[in-house]
Amino acid sequence: MQFQLPSNLQTELIAYDPKLKALAKEKQSRKTTKKAKYPLGNIPHLIPENVVRGSYQQDAIDHINASGVSERYHCFTKVVDIATPQARTITIAILYHFEQCWYAAWLPVKGEDYIYGYAYAFKNTAAAAKVVPRHIWNTKDRCTEHASARGVQTFTYSRTITKQDIIDGNDARNWRAMGIASYYQKSRDINNAINLFEVSLNNTIPTWNDSRSMFDRIICTNLLDALEFPFALTNCIEDRSTFKLTVDNMVDLANAWTAKNNYTAGIYLTINDIQHIITTPSIKKRLQAMLDRSVEHYNNVDNELRKTIKYGYKEFEQTTNSIYFINRVWPDCPLDHYRTYFEELRTVNLNHLCTNDALIAWLREHMPVTSFFNMMSKHVEQSKEENTRLSKYSEHDYVIYIWYEMNDTFSMIMCILDKGKTIDPPKRWRMPDFHDYVQAEAWKITNKKEVLHQDLFPVPVKVDMGDSDWTFLQPMDTHQLAQWGQAVRNCVGSASRYAEDIKKRKHFIVLCMIDGKPTFTIQLDVSMGVMNVIQISGVANQRLGEDQKDKYANAFKQALQSREKQLSSKS
């Protein structure tokens, strides 16, 4: 049962009717509440009026106050180079509101001596105190205070940044608010607008395209800064701005460092150890040409890449490092060798090679320096054939070769010497023979000699193939297996898994010599009375051609038949 109340009675009893009460309150609110025109504040004009007219700034303030969070920005633009094919529109200033704070930035007008200006404004309210960045909120004592009609204070701060300010360390992007990023919906469009201003600013100052900071080129006031010389080293220089990049000055600098310090901070600081080499006329001339490259690129106002300035010095550093390495190991190396193999010195990273005192003593006693240079020269020839691509991360403008094979060899010799053992020099100083010889010797020292099964061929079996004699055998022990691996230049002797699997009878390793010369290495297993070839390889892991496979199959079949006759005669 329901009763409809008359209108006057509805009003009288409205306190008992929550829905009607809410409607009445909403209606009253619509009558009395007027939307504020400046909910974000009608701030003073932050941009100088000789850059942007005050009326234009007021229009932007009105627009931002009436916009949603993601649209609270305005770019002030102008057209430049109007009468040329390069005519374009650039952003000369920007104004935006983000997280309770107003931000502005602008470019100077022609004739003004600063890089850019920036400003910010914020209200002195509890809401602003919660979200305005601390580094801005805490500057109220430096801000200009403005009182509004409602008594709410507004603080503004404005500053122009000069070249000297940036050199002195004020190289932050003061026009960009904290928290602005393209991946936030609320700041995506504002971020894009800021990027437009940065592009315009970037076009008004000298920059390097490969630097992280757009101000790096402004901060750099001399060649040593451009080369990023270590600060400790430049302490030995009285005036960085007048320092000339010459071989003689580098020697003097290294000597000054040594006189003031009892340690070295990088091999290139030990130039004083090799000054008798790098100051000889022919070598000095070539090294100076490298340094001159850096000077030339530094002085080129059209150069947009910092790394090109470093190329010449990095070439000088690479070459002197190599000379230092050779001199450290072979101090009596003839000067003519440095001149003859200069290309190898500048292209092979010898600083990468690991050494210790024991290895250096061994090399001096056994390895002629000429042999080292010959191997290095062949390494360069081979490397040029295999790899001519320059890594984009390289500090050089030419390919530097890492000598992994020699480094591995040196490491193994050091391991042998550290164990109190010794190693005789190889018969020939050739890579990879040198590496394989040391590898086999190191394996024998670090692995004890163990007997291996010879179930298939307990004694070698020789097969006459008409034009050659083939001999099949199994290694007697792990050291013989290592010697075989050295002879055929594969890992069968140094990889412990092969020896372990032979001891566990998981497979056979059969060795094949042709006319007494190690030729093939064969891995076999047996399944259901059938012997299977798992892999077969020639010298240096070469694969067999079709003719070789047929000949090998015929020879191995005869060897098995011969072994069968041996077993039959015993039974």
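A residue counts as buried when its relative accessible area is under 20%. By that cut-off, helix α7 holds a set of buried residues: Ile190, Asn191, Ala193, Ile194, Phe197, Glu198, Ser200 and Leu201. Keep in mind throughout that this is a predicted model.

Start with α7 itself. The helix has 15 residues. From first C-alpha to last, α7 reaches 21 Å, close to the 21 Å expected at 1.5 Å a residue. What lies over its buried residues? The cover includes four strands, β1 (73–80), β2 (88–98), β3 (101–106) and β4 (116–123).

Now step back to the whole chain. The protein chain has 571 residues, and 43% of them are buried. Its secondary structure comes to 23 helices and eleven strands. Take the contacts with a separation of 6 or more: 61% of them join residues 24 or more positions apart.

The model contains 29 aromatic pairs. One of them joins Trp175 and Phe197, with ring centres 6.1 Å apart. Planes over 60 degrees apart count as edge-to-face. The planes here stand at 65 degrees, so this pair is edge-to-face. Trp175 sits in the loop between α6 (163–167) and α7 (188–202), while Phe197 belongs to α7. The pair therefore ties together parts that are 22 residues apart in sequence. Trp175 and Phe197 are both buried. They also belong to one aromatic cluster, whose members include Tyr116, Tyr118, Trp137 and Phe215.

A contrasting pair lies in helix α23. How do the rings of Tyr552 and Phe556 meet? Their centres are 5.7 Å apart and their planes lie at 15 degrees, so the pair is stacked. The stacked label applies because planes under 30 degrees apart count that way. Tyr552 and Phe556 are four residues apart in α23, about one turn of the helix. An α-helix has 3.6 residues a turn, so residues three or four places apart point the same way. Both Tyr552 and Phe556 are buried.

Stay in α23, which spans residues 546–570, and look at Ala555. Is Ala555 buried or exposed? Ala555 counts as buried because its relative accessibility is 0%, below the 20% cut-off. Leaving out residues up to four places away in sequence, Ala555 touches Val463, Met465, Trp470 and Phe472. Thr471 is 84 residues from Ala555 in sequence, yet the two C-alpha atoms are 9.0 Å apart.

Next come the nonpolar cores. The largest has 70 residues. Which of them touch the most other members? They are Ile326, Phe372 and Phe434. Helix α14 (residues 306–329) gives this core its largest share, eight residues. Ile326 touches Pro331, Cys333, Tyr338, Leu345, Leu350, Val369, Phe372 and Phe373, not counting residues up to four places away in sequence. A second, separate core has 34 residues, among them Ile94, Tyr116, Phe122 and Val132. Tyr116 and Phe122 are also members of the aromatic cluster described above.

Cys333, one of the contacts of Ile326, counts as buried because its relative accessibility is 8%. How many disulfides does the structure hold? It holds zero. Take Cys101: the nearest cysteine sulfur, that of Cys143, is 9.1 Å away. A disulfide needs sulfur atoms within 2.5 Å, so that distance rules out a bond. Cys101 is buried too, with a relative accessible area of 0%.

An aromatic ring can also meet a charge. The charged end of Arg346 sits over the ring of Tyr398, 4.1 Å from the ring centre.

Finish with the backbone. Most residues other than glycine have a negative phi, and most peptide bonds are trans. A cis peptide bond joins Met431 and Pro432, with omega about 5 degrees. Pro432 lies in the loop between α19 (404–418) and α20 (433–446). Asp81 has a positive phi, near 50 degrees. Asp81 is placed in the loop between β1 and β2, and is partly exposed at 38% relative accessible area. Asp515 also has a positive phi, near 55 degrees. The loop that holds Asp515 runs between β9 (508–514) and β10 (517–527). With a relative accessible area of 53%, Asp515 is exposed, because the exposed class begins over 50%.

Terms used. Residues numbered from 1 in each chain as written. Predicted model: local features only at pLDDT ≥ 70, side-chain atom pairs only at ≥ 80, totals over all residues. Heavy atoms only, no water. Helix = DSSP H or I, 4+ residues; strand = E, 2+ residues; numbered from the N terminus. Buried < 20%, exposed > 50% of the residue type's maximum accessible area, 1.4 Å probe, protein only. Contact = heavy atoms within 4.5 Å. Phe/Tyr/Trp six-rings, centres within 6.5 Å; stacked < 30°, edge-to-face > 60°. Lys NZ or Arg CZ within 6 Å of the ring centre and 35° of its normal. Expected span 1.5 Å × (residues − 1). Core = buried A, V, L, I, M, F, W, Y, C linked by side-chain atoms within 4.5 Å.
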